[in-house]
Amino acid sequence: MDNEVKLVSGAMVALAVATAALVVMPYMEVRDIQPPPGLKPYTSAELRGRGVYIANGCVYCHSQQPRDRNFGPDFERGWGRASVPGDYMYDKPHLLGSMRTGPDLFNIASRQPSKDWHLGHLYQPRAYVPGSIMPSYPFLFTVKDAKEAEKEGEQPVSLPPAYGPNVGQVVVPTPEALDLVKYLLALNHTYPVLPPAPNP
């Protein structure tokens, strides 16, 4: 009986220490975090696009958390500064990602601010990045007769000639594709997160 009490007591102590180290202490560190002044809440269109991003599994291949220079070459790759907790204030759930089959998207809007590029890249990634293994998302687009699209006031996607549809047809983005691109163009975390250095 004495051994069982020691075993249970030891397990409870180990659980308490683990909970304190992995739950309580991190919570104490970040509970009062405020969003940086440059961070803006998502618009309704960007939130819909975030839903499309989640539904299509983009988070499985793209992270949104550049590392500090001491932990990897993320800055040299042009992915921007290391992220801080406040950067994710409006992200519920957080889309940090754990794999980098594709590049980190934390600052994709600052690296690639073109709406047309994003739409074309979603329709056919290899037209913009040769050798890309990213899947294409043609179901986010509709192929229409050019005259019909013009009549309806729809803006077709500008594609390289070899990747476009048949003559007389154009590729038109669906509302889901437009919302997804709005979300990607909201991923711009180039605002400063540290106070300016004091003047000597």
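Where is Q64 found? Q64 lies in the loop between α2 (44-55) and α3 (108-111); the helices (H or I, at least four residues) and strands (E, at least two) named here are DSSP runs, numbered from the N terminus. The model is predicted: local features need pLDDT of at least 70, side-chain atom pairs count only at pLDDT 80 or more, and totals for chains, interfaces and linings use all residues. Residues are numbered from 1 along each chain as its sequence is written, and side-chain values use heavy atoms, with hydrogens and water left out.

Q64 counts as buried because its relative accessibility is 1%. Buried means under 20% relative accessible area, exposed means over 50%, and partly exposed falls in between (1.4 Å probe, protein chains only). Not counting residues up to four places away in sequence, Q64 touches several residues, among them Y53, Y88, D91, F106 and Y183; contact means heavy atoms within 4.5 Å. The side chains of Q64 and Y53 are also joined by a polar contact of 3.3 Å. Such a contact is a pair of N or O atoms within 3.5 Å; within protein, one must be able to donate a hydrogen and the other to accept it, and residues adjacent in sequence count only if both atoms are side-chain atoms.

Y183, one of the residues touched by Q64, is also among the buried residues of α6, which include A177, D179, L180, V181 and L184. The cover over the buried residues of α6 includes α2, α3, α4, β1 (141-145) and β2 (169-173).

The axes of α4 (residues 115-123) and α6 (residues 175-185) come within 10 Å and cross at roughly 125°. Axes are lines fitted to C-alpha atoms, for helices over the stretch in contact, and angles run from 0 to 180 degrees between N-to-C directions. The two helices are therefore oblique to each other, since angles under 35 degrees count as roughly parallel, over 145 as roughly antiparallel, 65 to 115 as roughly perpendicular and the rest as oblique. K115, H118, L119 and L122 in α4 meet A177, L178, L180, V181, L184 and L185 in α6.

Helix α6 also holds K182, which is partly exposed, with a relative accessible area of 43%. Leaving aside neighbours within four places in sequence, K182 is in contact with A45 and E46.

Elsewhere, P130 is found in the loop between α4 and β1. P130 is exposed, with a relative accessible area of 72%.
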